[in-house]
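User: I have a model open and want to talk through it piece by piece. Can we start with how contacts are counted?

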Amino acid sequence: MNKTIPGTRHPLHGVDQTRRIEQTAAQALPAHTLMQRAGLAVARLALAIAPHAQRIWIACGPGNNGGDGLEAAIHLQRWGKQVVVTWLGQTESAPADTVAARLRLQDAGILVESMPSGDFDLCIDALLGIGSQLREPQGLMADWIRQINASGAPILSVDLPTGLHADTGQATAVHVQASHTLNLLTLKPGLFTAQGRDAAGTVWCDTLGLELNVLTALAPTAYLNAQPIKTRRPHASHKGSYGDVAVIGGAHGMTGAALLAAGAALYAGTGRVFVGLLNDQSVTVDVRHPELMFRPIQSLDFSAMTVVCGCGGGQAVQPVLCDVLSSPAPVVLDADALNVIATDNVLQTELLARCARQAVTVLTPHPLEAARLLGQTAQQVQSDRLTAAQTLAQRFACTVVLKGSGSIIASPDHLPVINPTGNGRLASAGTGDVLAGMVGAELAAGKTGFEAACRAVYRHGALADTWPPGAPLTAQLLVLGGCDTACR
Ligand SMILES: NC(=O)C1=CN([C@@H]2O[C@H](COP(=O)(O)OP(=O)(O)OC[C@H]3O[C@@H](n4cnc5c(N)ncnc54)[C@H](O)[C@@H]3O)[C@@H](O)[C@H]2O)[C@@H](O)CC1
Ligand SMILES: [K+]
């Protein structure tokens, strides 16, 4: 059993792949072996996270997730714990593995209670796993979820926090808020995006003794984003070695957005950073960052630089977009550039045409911007973030960063990546502009669109994760922090 190691490129498998892996594995093993291994793994982790727990409630659902809970109860009782088992299943209708577990529970002399009572030192949530459907839990299931959450005890969820969907990270209104989740056989993508990160607590995985070749026979659904490798700057390098970035944005009243993106590109290691303000009379120098060079947009040579376009662009960005999209420059499109493209078919055609010319493009939408581009609602995007990001990447033949908890990086040529870094402290104005600038810096340094997005998104989130507790986190401070991780 392993804790997921932050920064490692773990493969993630959705429900279909997990079931196929499970079937292959089960065929090669004596009946009920996998569930018995699952129960033992749950019991071991329970002991590890709450070694002094005496009274343990194991809430078991009607399917095989419940069976795992029944198996765990047998071990925990054997190890001297007082187990309280409640079960929503019936012997006549439960799956075969679970019926076998129920009989073993009986043989071990453990009674199934109709209701949990008293206080508990640990709650084990074995109500629903990968068979969970996104309908609101009712009756006893809903009552027990609420009781688990209100228990005040550590909560160990088996395979998934009940109510969370394994593929999407979408959760029913009533769902378990686990302190730990033990994934079985495979890590599930839903734990790392949308509501998954808030529901799952610390994520563990036990592959139930399966051989590596069984686990790797199927391509995963996605990967967790890996910590970028630091590359040393050769002594014999100069500012031209790290490229030029031009930030186009900063329409009236939004100059700050362009300055944040430009500052981020600068601190992330770009050789030279230019700023083309859409309201070009507003600022001619940034005294905090005199390295930034302000230029009229028309004077910028897009053929020789990376362009970050849209930060604080308003509608004023529209006339510039045609030139940006038709240029060979690697381009990051953010915020208002995306909003304008969403309503303009000609620009959409230009955007799509870039791929055929091998021009690199990275889109960095938040869910509402993605929804506008897809002609959906933000809620639809959030209900299946992986699919939304992949659909956008296919439609515009480019790399897409769908921002939000567990940002998704998708591209037509790669399996999608879910980013594990970042936290709620990034929910503040301007942090998206900083990310756009950081992606621009990676492109300017020669990375592909997908690599640039993966590296910048990881670093951006990691900055927030290592931010001193209690210290304010604003977009401008994030820019300044960017030099800590730029490390080239
Ligand atoms: N069979 C096996 O070989 C193994 C199964 N495993 C466990 O089995 C789980 C999958 O088991 P199942 O496929 O039986 O699925 P689950 O146990 O996750 O749930 C299926 C049951 O829950 C009900 N249900 C689904 N959504 C509901 C909702 N919203 N409200 C109320 N009831 C709902 C279904 O009607 C069905 O009875 C895995 O997550 C894992 O915990 C593991 O033991 C590994 C081995
Ligand atoms: K569960």
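Analyst: Two residues are in contact if their C-beta atoms, placed from the backbone, lie within 7 Å. By that rule, and leaving aside its neighbours within four places in sequence, Asn64 is in contact with Met35, Pro95, Asp97, Thr98 and Gly129.

User: What kind of model is this, and how is it numbered?

Analyst: This is a predicted model, in which local features need pLDDT of at least 70 and side-chain atom pairs count only at pLDDT 80 or more, while totals for chains, interfaces and linings use all residues. Residues are numbered from 1 along each chain as its sequence is written, and chains are lettered from A and ligands numbered from 1 in the order in which they are written.

User: What confidence does the predictor give?

Analyst: The protein chain averages a pLDDT of 95, and 99% of the residues score at least 70; pLDDT is the predictor's confidence in each residue, from 0 to 100. For the complex the ipTM is 0.98 and the pTM is 0.96.

User: Back to Asn64. Which helix is it in, and is it buried or exposed?

Analyst: Asn64 lies in helix α3. Helices (H or I, at least four residues) and strands (E, at least two) are DSSP runs, numbered from the N terminus. Asn64 is buried, with 26 other C-beta atoms within 10 Å. A residue is buried if 20 or more other C-beta atoms lie within 10 Å of its own, exposed if 12 or fewer, and partly exposed in between, with C-beta atoms placed from the backbone.

User: Which residues does UniProt list for "binding site"?

Analyst: The unreviewed UniProt entry lists Asn64, Asn65, Gly66, Gly67, Asp68, Asp159, Ala257, Gly312, His366 and Asp433. They span 370 residues in sequence and the farthest two C-alpha atoms are 53.7 Å apart, so they do not all gather at one spot. UniProt positions are in the numbering used here, feature names are shortened, and annotations may be inferred rather than shown by experiment.

User: And where is Asp159?

Analyst: Asp159 lies in the loop between β7 (155–158) and β8 (180–184). Asp159 is buried, with 30 other C-beta atoms within 10 Å. Not counting residues up to four places away in sequence, Asp159 touches Asn65, Gly129, Ile130, Leu182, Asn183 and Leu184.

User: Which residues of α4 are buried?

Analyst: In α4, those are Asp97, Thr98, Ala101, Arg102 and Leu105. Down the axis of α4 they fall within an arc of 140° (taken from the directions from the helix axis to the C-beta atoms), so they line one face of the helix. They pack against α2 (33–49), α3 (64–78) and β4 (82–87). The face turned away from the buried side carries the exposed residues Ala96, Leu103 and Asp107.

User: Switching to the sheet: what is the strand order?

Analyst: 11 strands form an open sheet with mixed pairing, in the order β2-β10-β19-β18-β17-β16-β15-β14-β11-β12-β13. β2 (11–12) and β13 (293–294) stand at the edges with a single partner strand each, so one side of each is left without a neighbour in the sheet. Two strands pair if DSSP finds at least two bridges between them.

User: How does β19 pair?

Analyst: Strand β19 (residues 414–418) runs parallel to β10 (residues 222–224), joined by two bridges, and Tyr223 has Val417 as its bridge partner. With β18 (residues 408–411) the pairing is antiparallel, over three bridges. β18 and β19 form a hairpin with two residues between them, and Ser411 stands opposite His414.
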